[in-house]
Amino acid sequence: MKIAIIGAGNVGGALAKGWARAGHSVILGVRDPQSEKIKPLLASENISAQTTQSAANEVEILLIALPINAVVDVLKSLGNLQDKIIIDATNSVFQKPAPYATTFEAIKALTNCEHVVKCFNSTGFENMENPQYDETGIDMFIAGSSQRAKEKATQLAKELGFAECYDFGGDDKVPLLEQFAFSWINLAILQKYGRGIAFKVLKRQ
C-alpha cells in the first residue's frame with residue numbers, strides 16, 4: 001500500500017519506519033521535504049517525502065500525526081479527501097484543535113472524508129517502534145464508524161507487531177479512546193512509571 005503520514009515527529013517517524021519495513025511505500029507529508037530533520041527517516045528504504053498536499057493526493061490511506069496547533073490549517077490545505085481512508089493518531093487531552101473538540105471531528109468537517117478511524121494514539125511512540133514485550137505483543141485500539149477504515153487500521157497495526165486491535169465502537173467512542181490514551185500518559189509520564197509500559201487485554205480461558 002501507499003501510505004501518507006502527515007507529520008514526521010516521533011509518532012509519524014515510528015510508524016513510517018515500521019510500515020516501510022513491512023513493505024509499504026510511505027510518503028511523509030511535510031512542509032519542507034528537504035528539511036534536515038527528516039533526512040534520517042529518508043535513509044530508510046520505502047520512505048520518501050513530499051509536501052502535505054502532494055502526499056495526500058498520491059495515496060489511499062493517510063495518517064494524521066500533527067501537533068494539535070497545526071491540525072486545522074493543515075487539514076484545510078488538503079482539500080477534499082472524500083475517497084481516502086484517514087487515520088487519526090492525535091490526542092486532544094491537553095489542547096484542542098479549535099473550534100473542534102478533537103482532530104477526528106476536524107477531519108470530518110474539513111476533508112469531507114467518511115472513512116476516518118482513531119488509532120495509534122493510545123501508547124507511546126517507543127511502543128509503536130517495538131510492540132513486543134519479551135515474547136508478548138501488546139494491544140492497539142480503534143474507534144470510528146467506518147468499517148473499511150477499521151479493517152485497514154487493524155491490518156496495519158498487526159503488521160507493526162501489535163497482537164490485537166480492539167474496537168472501542170463508533171465515532172461516538174473517539175473521546176473515550178482519547179481518555180484511554182490519557183490513562184497511558186498519566187501512568188507513564190505524570191505518575192513517572194516510565195514510557196516502557198503498555199496495555200494488554202487478558203482473557204480468562
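On a 1 Å grid over the protein atoms alone, a pocket is defined as an open set of points where a 1.4 Å probe fits, with protein on both sides within 12 Å along at least five of seven lines, and lining residues are those with an atom within 4 Å of a point. The model is predicted, so that local features need pLDDT of at least 70 and side-chain atom pairs count only at pLDDT 80 or more, whereas totals for chains, interfaces and linings use all residues. Residues are numbered from 1 along each chain as its sequence is written, and side-chain values use heavy atoms, with hydrogens and water left out.

The second largest pocket is lined by 18 residues, of which Gly-7, Ala-8, Val-30, Arg-31 and Leu-66 lie nearest its centre. Two or more residues of this lining come from each of β2 (25-30) and α4; helices (H or I, at least four residues) and strands (E, at least two) are DSSP runs, numbered from the N terminus. The space in the second largest pocket amounts to about 480 Å³, a volume being the space filled by probe spheres set on grid points joined across faces, edges and corners.

The largest pocket has a volume of about 590 Å³. Its lining comprises 26 residues, with Val-11, Leu-66, Ala-89, Thr-90 and Asn-91 nearest the centre. The elements that contribute two or more residues to the lining of the largest pocket are α1 (10-21), α6 (125-129) and α8 (174-190). Helix α8 provides the largest share, 4 residues.
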